[in-house]
Amino acid sequence: MMGEGFQDLTRFHPNHGVNVMLYDENTVAYRKASFANAVTISERPLMPEEIFLVEIEKTEPGWTGHMRLGLTQLDPANLALPELPPYSLPDMTNMGNSWICAITKSHNRVQPDAEGEAEGDEAPVDVQGTEAPADVQGTDGTDEQREDVQRPEVMEEGVRMGTENSHMQERRAADVGGGDGANGDALEVLRIHNNRCKGAMSSGGPRGLDSIVVGNHLQTSRGLVPWSSLKPTPYVFTDSSGRKITLKRDNILPTDEGSRIGIIYLPRGNLAEMHYIINGEDQGAFTKKLPYREAPLYVVVDVYGTTKQVRIIQLYVKSLKNACRETILKHIAQHGVNALPLPRKLKDYLLFES
C-alpha cells in the first residue's frame with residue numbers, strides 16, 4: 001500500500017542496556033533504575049547526510065552528568081556482542097570505532113582555530129563514575145558544587161540551572177571519543193567550548209550544515225527537513241515555589257526537557273565530518289576524520305545521569321503532500337515552479353513560502 005512507504009519509523013534496537021525500557025514501537029527509551037546501564041543503539045545504520053534527532057522528554061535530578069550521543073561501528077545485532085557495556089563513555093570508545101560525546105548544559109560548541117581545525121585535544125565534558133551517594137547522587141537531589149548558568153528570562157523567576165563541576169573539564173581526550181581509522185591513527189578529538197562561541201566555519205564556501213541548506217530546510221539524503229523541526233519544544237514546569245514557568249525556545253538548555261539533539265555526518269571524500277545539532281544549531285565538526293566507508297555507523301544514545309527518557313523525533317515519516325512536493329522538485333528546478341499551470345497557493349507551497 002502507498003501508506004506503508006510513509007511509515008518508515010526510526011527505532012532503537014532491542015539489544016540495549018539492562019536498565020532501559022523501550023516504548024512506542026521502540027522509539028522511546030526510558031531508564032527505569034540507577035543512572036547507568038542505559039546504552040541504546042539505533043536499529044539500523046545512519047545514512048550519510050541523514051539526521052538522527054532525539055528529544056529529552058524526562059529528566060531526573062540528583063545525578064551528575066547527562067545524555068551521551070555519538071556513532072559506533074559496533075553492530076547491535078552481532079551475536080558476538082550479546083550485552084552492551086554499562087557506559088558509552090569510556091567503555092564503547094575503549095572498544096574502538098566509536099565516536100561519542102557527553103552533552104553538557106553549555107559546553108558543546110566546537111571552537112576551531114584559524115584553519116578550521118581543533119585548538120586542542122581536550123573537551124570539557126562530564127565523566128562516568130560509580131554509583132555512590134557522595135560522588136554521583138545527591139542525597140537531597142541537589143549538587144552543591146554546581147555553578148549557576150543564567151537564562152535571561154527565567155532567572156527573573158528565580159530559576160537557577162547548574163553547569164558541570166569544574167573537574168569535569170579535565171577529562172582525557174581518549175575518554176571523549178575515538179577509534180582508529182584505516183591508517184591506524186587515532187581520530188582527532190576537538191576542544192568543545194561554550195555554545196555561545198561561533199561555529200566551526202572556515203573560508204572557502206559553506207561548511208557543515210550550511211552546505212546542505214535549502215531555504216528554511218536542510219536537504220538530507222532522506223529528504224528535506226525543516227529547520228524548525230530541529231528546534232526545542234517549549235514546555236511549562238512548576239518551580240519549587242509552585243509557580244508555573246514556560247521555557248521558551250531561547251531559554252531551553254541542551255540538557256533540559258524539551259531539548260532536541262541530533263547527529264549527522266557529511267562525507268568529504270574517503271572520510272566524513274561528524275556534527276552535533278543542538279536545538280537547531282550546528283555545533284561544528286566533532287571530528288573530520290570519520291571512516292564512514294569502513295563499516296556501517298549506528299547511532300548511540302546513552303540515557304545517562306539526569307537524562308531519564310528520550311524520544312526519537314521522526315523527521316522522515318512524511319505526509320503524502322510533502323512527498324509529492326519532493327517528487328516535483330526532483331524533476332523541476334525551483335525557479336521553474338512559477339511557470340507551472342498551478343494555483344498560486346500550490347506554487348507557494350512548492351517554494352516553501354506557505
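Two strands are taken to pair if DSSP finds at least two bridges between them, and helices (H or I, at least four residues) and strands (E, at least two) are DSSP runs, numbered from the N terminus. The views below show a predicted model, in which local features need pLDDT of at least 70 and side-chain atom pairs count only at pLDDT 80 or more, while totals for chains, interfaces and linings use all residues. Residues are numbered from 1 along each chain as its sequence is written, and side-chain values use heavy atoms, with hydrogens and water left out.

View 1. The secondary structure of the protein comes to 3 helices and 20 strands. Of its 354 residues, 51% count as buried, where buried means under 20% relative accessible area, exposed over 50% and partly exposed in between, with a 1.4 Å probe and protein chains only. Among the contacts with a separation of 6 or more, 71% come from residues 24 or more positions apart, a contact being heavy atoms within 4.5 Å.

View 2. The strands stand in the order E3-E19-E5-E6, with antiparallel pairing. At the edges are strand E3 (39–41) and strand E6 (98–102), each of which pairs on one side only. Neighbouring strands of this sheet are turned by 20° against each other on average, direction ignored. Helix H1 (residues 88–95) packs on the sheet and touches E3, E5, E6 and E19, and its direction makes about 165° with that of E6; for such values, axes are lines fitted to C-alpha atoms, for helices over the stretch in contact, and angles run from 0 to 180 degrees between N-to-C directions.

**View 3. Strand E5 and its two partners.** Strand E5 (residues 68–72) runs antiparallel to strand E19 (residues 298–302), and 5 bridges join them; within this pairing, Gly 70 stands opposite Val 300, and Arg 68 has Asp 302 as its bridge partner. With E6, strand E5 also pairs in the antiparallel sense, over 5 bridges, and here Leu 71 stands opposite Trp 99. Because 5 of the 5 residues of E5 are buried, the strand is largely enclosed by the rest of the structure. Arg 68, Gly 70 and Thr 72 point one way from E5, whereas Leu 69 and Leu 71 point the other way.

View 4. Phe 35, Trp 63, Tyr 87 and Tyr 304 form one aromatic cluster. The charged end of Arg 68 sits over the ring of Tyr 304, 3.7 Å from its centre; a charge is counted in this way if NZ of Lys or CZ of Arg is within 6 Å of the ring centre and within 35 degrees of the ring normal.

View 5. The structure holds 7 aromatic pairs, which are rings of Phe, Tyr and Trp (its six-membered ring) with centres within 6.5 Å, where planes under 30 degrees apart count as stacked, over 60 as edge-to-face and the rest as tilted. Tyr 265 and Tyr 292 form a tilted pair, 6.0 Å centre to centre and with 45° between the planes. Tyr 265 lies in strand E16 (residues 260–268) and Tyr 292 in the loop between strand E18 (281–290) and E19, 27 residues apart. Tyr 265 counts as buried because its relative accessibility is 3%, and Tyr 292 counts as buried at 15%. The rings of Tyr 276 and Phe 286 have their centres 5.6 Å apart and their planes at 90°, so this pair is edge-to-face. Tyr 276 belongs to strand E17 (residues 271–278) and Phe 286 to strand E18, 10 residues apart, and both Tyr 276 and Phe 286 are buried.
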